[in-house]
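Please look over the sequence and the structure shown here before reading on.

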Amino acid sequence: MSVPQAAVVAMRRHLAEVMQHVSALHQPEAVHELHDLRIAIKHLRYTLELFLEAPEMETVLYPSEKTALEALLVDLRCLQELLGNIHDADVLMPTLLKQLGRMAHKGYGKDAHGMPIIGVHHVDLEGCEGLVALCCRIKEQRAQHYAELRRVWERPDRQQLLSDLAKLLARLDTELAPVQEG
């Protein structure tokens, strides 16, 4: 199998993975699915980068196709970064909430002598307030990253880039197919 043929096989597989997970873009709460989309985009991006640099690809790509693939790479990097920021927020939030729970737990229950914990001085309320503010800020930033993700994904020119990639793969399939001896 030639390098261009291997490129077609790998890019087709990774493009299919991206398209398989794209429905997650319409579900901001689909944490695991958005992460799967990020991984699929990363695989497609790395495959495109690798094959665009391969000298053998120069012989099968028209200049306009190479330009379109380079533009697609820019979008894939952006999408991957936005999905990474969303994932970071999703992973960080439980850790912060666990810490908040530990801090608040000091204000109730029983002490070492079995007596009920009472009083206002057991909990670092200012620290809890700071953690709550941080959680709210992370939630807001995640929402902003998600809105930007949707905006980038839904741009007509970006949609055209994916369509162009599919057409390129179809063209290369035909042109690079082994000649059948009869």
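The model is a predicted one, in which local features need pLDDT of at least 70 and side-chain atom pairs count only at pLDDT 80 or more, while totals for chains, interfaces and linings use all residues. Residues are numbered from 1 along each chain as its sequence is written, and side-chain values use heavy atoms, with hydrogens and water left out.

**α2 against α3**
- The axes of α2 and α3 cross at roughly 150 degrees and come within 9 Å, where axes are lines fitted to C-alpha atoms, for helices over the stretch in contact, and angles run from 0 to 180 degrees between N-to-C directions.
- The crossing of α2 past α3 is left-handed, that is, the near helix is turned anticlockwise from the far one by less than a right angle.
- Sorted by class, the contact of α2 with α3 has 15 nonpolar, four polar and eight charged residues; Ala, Val, Leu, Ile, Met, Phe, Trp, Tyr, Cys and Pro count as nonpolar, Asp, Glu, Lys and Arg as charged, and the others, Gly among them, as polar.

**α1 against α5**
- α1 and α5 pack with their axes 10 Å apart, at an angle of about 145 degrees, and α1 passes α5 in a left-handed crossing.
- Residues of α1 including P4, V8, M11 and L15 meet residues of α5, among them L162, L165, L169 and L176, with contact meaning heavy atoms within 4.5 Å.
- This contact of α1 with α5 has 12 nonpolar, one polar and two charged residues.

- Leaving aside residues up to four places away in sequence, M57 touches P4, A7, M11 and F51.

- T47, found in helix α2, is buried at a relative accessible area of 10% (buried means under 20%, exposed over 50% and partly exposed in between, with a 1.4 Å probe and protein chains only).
- I39, also in helix α2, is partly exposed, with a relative accessible area of 24%.

How values were computed
Helices (H or I, at least four residues) and strands (E, at least two) are DSSP runs, numbered from the N terminus.
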